[in-house]
Amino acid sequence: MIMTVSSGIRGSRFLRCMVMAPQRVIYVGTFSKVLFPALRIGYVILPHRLQESWRKLRMHTDVQNVPFEQAALAEFLRARKFDRHIRSMRKVYGERRKVLLECLKSNFGSEWCAWGDVAGLHLVVQFPQMRFDDVFSAKCRKYGIRIASVEWYSLQKGKHIDKLLLGYGHLDVDEIREKIPFLRSVITGK
């Protein structure tokens, strides 16, 4: 189901969809992205009518998590330390995103368009009239830039060849400032 969400409802897309259709929205997430990758604990928020069947399905089809990790995470959540962690990380990643957008603007002027620049740890950048393929990715690796074309992830090939997926969550601001000029060199050939 695709929904157009009213801008009058505030909050995340998930919450806005949940308000509009609470019995039709399922949200799947993981703590590995917001805490640390080795923590292999995920979660599902789903309508009440599906909870019992979901519980049974998970009980019989999944490898269960280590109880110690679950207990530690539960305490982290109970003590509201997770909330503090998220607030802190939003500032860190917000600064990285801001620096990335500033570097793109100073290196590429107005020749690009950002998608998904409001939040997250990745940014899709469109460079109209460009084609990013495996040869381009190989050139980037020479400069120490690991980059992917959105085309690589696309089911409909040919529609996103001019878009790059830039991950910045693992980089500090100095690394971002250092690598974007290299990216410009690869893109412009200068």
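Reader: Is Arg177 buried, partly exposed or exposed?

Author: Relative accessible area decides this: under 20% is buried, over 50% exposed, and anything in between partly exposed (1.4 Å probe, protein chains only). Arg177 has a relative accessibility of 41%, so it is classed as partly exposed. The model is predicted, so local features require pLDDT of at least 70 and side-chain atom pairs pLDDT 80 or more, whereas totals for chains, interfaces and linings use all residues. Residues are numbered from 1 along each chain as its sequence is written, and side-chain values use heavy atoms, with hydrogens and water left out.

Reader: Where is Arg177 placed, and which residues does it touch beyond its sequence neighbours?

Author: Arg177 belongs to helix H7; helices (H or I, at least four residues) and strands (E, at least two) are DSSP runs numbered from the N terminus. A contact requires heavy atoms within 4.5 Å. Once residues up to four places away in sequence are set aside, Arg177 touches Val99 and Cys103. Val99 is 78 residues from Arg177 along the chain, yet their C-alpha atoms are separated by 7.4 Å.

Reader: How do the axes of H4 and H7 cross?

Author: An axis is a line fitted to C-alpha atoms, for helices over the stretch in contact, and the angle between N-to-C directions runs from 0 to 180 degrees. The axes of H4 (residues 81-108) and H7 (residues 173-188) come within 9 Å of each other and cross at roughly 30°. Angles under 35 degrees count as roughly parallel, over 145 as roughly antiparallel, 65 to 115 as roughly perpendicular, and the rest as oblique. H4 and H7 are therefore roughly parallel.

Reader: Is the crossing of H4 and H7 left-handed or right-handed?

Author: The near helix is compared with the far one: turned anticlockwise by less than a right angle, the crossing is left-handed, and if clockwise, right-handed. For H4 and H7 the crossing is right-handed.

Reader: Which residues form the contact between H4 and H7?

Author: H4 contributes Glu95, Arg96, Val99, Leu100, Cys103, Leu104, Asn107 and Phe108, and these meet Val173, Ile176, Arg177, Ile180, Pro181, Leu183, Arg184 and Ile187 of H7. By class, the residues of this contact are 11 nonpolar, 1 polar and 4 charged. Here Ala, Val, Leu, Ile, Met, Phe, Trp, Tyr, Cys and Pro count as nonpolar, Asp, Glu, Lys and Arg as charged, and the others, Gly among them, as polar.

Reader: At what angle do H5 and H7 pack?

Author: H5 and H7 pack at about 140°, with axes 10 Å apart, and are therefore oblique to each other. Their crossing is right-handed. Phe136, Lys139 and Cys140 of H5 meet Leu183, Val186 and Ile187 of H7. This contact consists of 5 nonpolar residues, no polar ones and 1 charged.

Reader: Where is Phe127 found, and is it buried or exposed?

Author: Phe127 sits in the loop between strand E4 (122-126) and helix H5 (134-142). Its relative accessible area is 3%, so Phe127 is buried. Beyond its neighbours within four places in sequence, Phe127 is in contact with Phe108, Glu111, Trp112, Phe132, Asp162, Leu164 and Ile187. In sequence Phe127 and Lys163 are 36 residues apart, while their C-alpha atoms are 6.2 Å apart in space.

Reader: In which element does Lys163 lie, and is it buried or exposed?

Author: Lys163 lies in strand E6 (residues 163-167). With 10% relative accessibility, Lys163 counts as buried. Among its contacts beyond four places in sequence are Trp115, Val124, Val125 and Phe132.
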